[in-house]
Amino acid sequence: MNAPTATAHLQPRAIAPAFLEALAERFGKQCSTAQAVCEQHGRDEGSIQAPPPVAVVYAESTQDVADAVQLADQYTVPVIAYGAGSSLEGHLLAVQGGISIDVSRMNRVLRVNAEDMTVTVQPGILRKQLNDAIKDQGLFFPIDPGADASIGGMTATRASGTNAVRYGTMRENVLALEVVTASGEVIRTGNRAKKSAAGYDLTRLMVGSEGTLGIFTEITLRLFPLPEAVSAAVCSFPTIADAVHTVIQTIQMGVPIARVELVDAATVAMVNKHSNLTLREEPMLLMEFHGSPNGVKEQAELVQDIAAEFNAQGFEWADTPEERTRLFTARHNAYFAGIQSRPGCRSITTDTCVPISRLADCLLESIDEVNASGLPYFLVGHVGDGNFHFGYLIDPDSADERARAEDLNHRLVRRAIAMEGTCTGEHGIGIHKQDFLREECGDGAIAMMRAIKLALDPKQILNPGKIFAL
């Protein structure tokens with residue numbers, strides 16, 4: 001198996017009663033030790049189980065975060081940042097005990113600089129909430145991981161999603177950060193300039209650090225103009241290979257497609273049932289084009305011609321916002337459609353990313369393996385950049401099914417690494433993929449990461465037990 005799905009080997013640290021007293025004195029009603037509250041903050045959308053934190057602090061300002069971390073530093077207590085709880089790899093589990101700092105109340109847009117197309121927000125703001133706040137200025141933030149995640153969580157996991165093929169990931173779109181360090185100091189990294197050659201790139205270091213190097217309290221993002229015209233299309237193919245080769249040729253011809261999502265036949269059937277749709281139950285591509293009316297028309301016609309070369313059928317257009325929303329909402333609900341298809345199940349959900357030239361090989365070999373296993377599953381992919389997701393639907397009480405799912409996950413990720421890909425394109429490492437990170441990066445890179453972690457967090461209080469073991 002790739003990594004622990006239970007965390008009994010990670011022992012919670014002892015917490016002095018004086019720490020909880022100091023926390024209660026400083027935060028009053030903003031601090032809770034209620035069991036239900038702690039349990040809510042001790043689980044994510046993944047399948048790994050761990051004891052909950054001992055307390056939850058609801059931060060409402062940068063000073064709140066700084067004060068909570070300073071107390072944690074004084075008493076050497078682990079601290080885990082919490083946003084929307086939508087992570088999948090155990091990022092927010094309190095595997096060494098400690099407290100959760102919930103930043104969901106820090107959800108304001110602080111500054112919009114429309115002329116420069118940037119925005120500064122607090123970490124608890126949700127993706128959809130941000131776009132609702134800026135749409136009247138003709139701008140939008142394109143990173144769309146599917147879940148309505150918090151911007152802080154998306155930054156911490158270096159999220160990407162359905163629009164990444166055109167607009168990039170959080171790595172490219174976070175310009176600056178305000179960060180509370182392990183000692184409770186507040187620092188700033190980066191600025192609103194489009195580029196900088198000033199010193200170490202601390203912003204890029206923090207983006208994707210999964211809460212292990214600091215807690216974000218302000219995030220400055222790059223924005224984009226709302227496209228003048230948007231068109232979406234859906235088409236089906238006889239085989240997965242035909243769909244993937246359509247995408248490969250589209251990318252190689254330089255078509256600036258905004259989204260291209262793959263859904264396999266079994267998942268289309270689940271989505272149809274869940275969302276009351278009548279999509280053809282065959283491998284399917286969902287595509288979206290952004291630009292001027294003429295540009296969108298040219299892009300779409302070119303992709304339609306490419307798809308025809310690979311036996312596409314049922315090419316349908318969705319030009320109205322309602323039709324586009326219906327299609328992509330169905331795609332985003334693939335996870336819930338899969339869960340609903342087997343009542344009582346849990347999903348062991350994984351993602352990998354490979355060079356697009358190896359995507360068909362990786363997908364087809366992985367599909368053969370999961371079909372041979374007998375486990376139900378769903379498959380979706382942001383195939384324009386070689387990223388895809390399997391969700392293995394297991395009975396949570398069946399040790400055999402869990403073992404089979406973990407073996408499939410192990411084989412899939414090993415295959416992606418062997419094809420010069422990565423163990424995770426967007427979910428992050430958390431707990432579940434720690435062993436794979438070593439295989440992908442090597443001992444030297446892991447040693448450097450550990451050195452950075454220990455230099456910035458010598459007491460190991462910031463989300464300990466994640467990314468790699470110390």
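Predicted model: local features only at pLDDT ≥ 70, side-chain atom pairs only at ≥ 80, totals over all residues.

Student: OK, in what order do the strands of the open sheet come?

Tutor: The order is E5-E6-E10-E8-E9, five strands with antiparallel pairing. E5 (109-113) and E9 (186-190) each have a single partner strand, so they stand at the edges with one side left without a neighbour in the sheet. From one strand to the next, the twist averages 10 degrees.

Student: How many bridges join E8 to E9?

Tutor: Five, with E8 covering residues 174-180 and the two strands running antiparallel. Within that pair, Val-179 stands opposite Ile-187 of E9.

Student: And which strands does H3 touch?

Tutor: H3 (residues 62-75) packs on the sheet through contacts with E8, E9 and E10 (215-222), and its direction makes about 50 degrees with that of E8. There's also H4 (residues 127-134), which lies across E5, E6 (118-121) and E10 and runs at about 45 degrees to E5.

Student: Switching topic: which residues have the most contacts inside the largest nonpolar core?

Tutor: Leu-285, Met-287, Phe-390 and Tyr-392, in a core of 44 residues. Helix H14 (residues 359-373) gives the largest share of that core, six residues.

Student: Now H11. What span does it reach, from first C-alpha to last?

Tutor: H11 (residues 293-309) reaches 25 Å with its 17 residues, close to the 24 Å expected at 1.5 Å a residue.

Student: Which of its residues are buried?

Tutor: Gly-295, Val-296, Gln-299, Ala-300, Val-303, Ile-306 and Ala-307. Seen down the axis of H11, the buried residues fall within an arc of 125 degrees, so they line one face of the helix. An α-helix has 3.6 residues a turn, so residues three or four places apart point the same way.

Student: What's on the face of H11 turned away from that?

Tutor: The exposed residues Asn-294, Glu-298, Asp-305, Ala-308 and Glu-309.

Student: And what covers the buried residues of H11?

Tutor: The cover includes strands E12 (229-236), E14 (284-291) and E15 (313-318), along with helix H9 (240-252). Just after H11, Asn-311 takes a positive phi of about 70 degrees.

Note on methods. Residues numbered from 1 in each chain as written. Heavy atoms only, no water. Pairing = 2+ DSSP bridges. Helix = DSSP H or I, 4+ residues; strand = E, 2+ residues; numbered from the N terminus. Axes fitted to C-alpha atoms, helices over the stretch in contact; angles between N-to-C directions. Contact = heavy atoms within 4.5 Å. Core = buried A, V, L, I, M, F, W, Y, C linked by side-chain atoms within 4.5 Å. Buried < 20%, exposed > 50% of the residue type's maximum accessible area, 1.4 Å probe, protein only. Expected span 1.5 Å × (residues − 1). Arc of directions from axis to C-beta.
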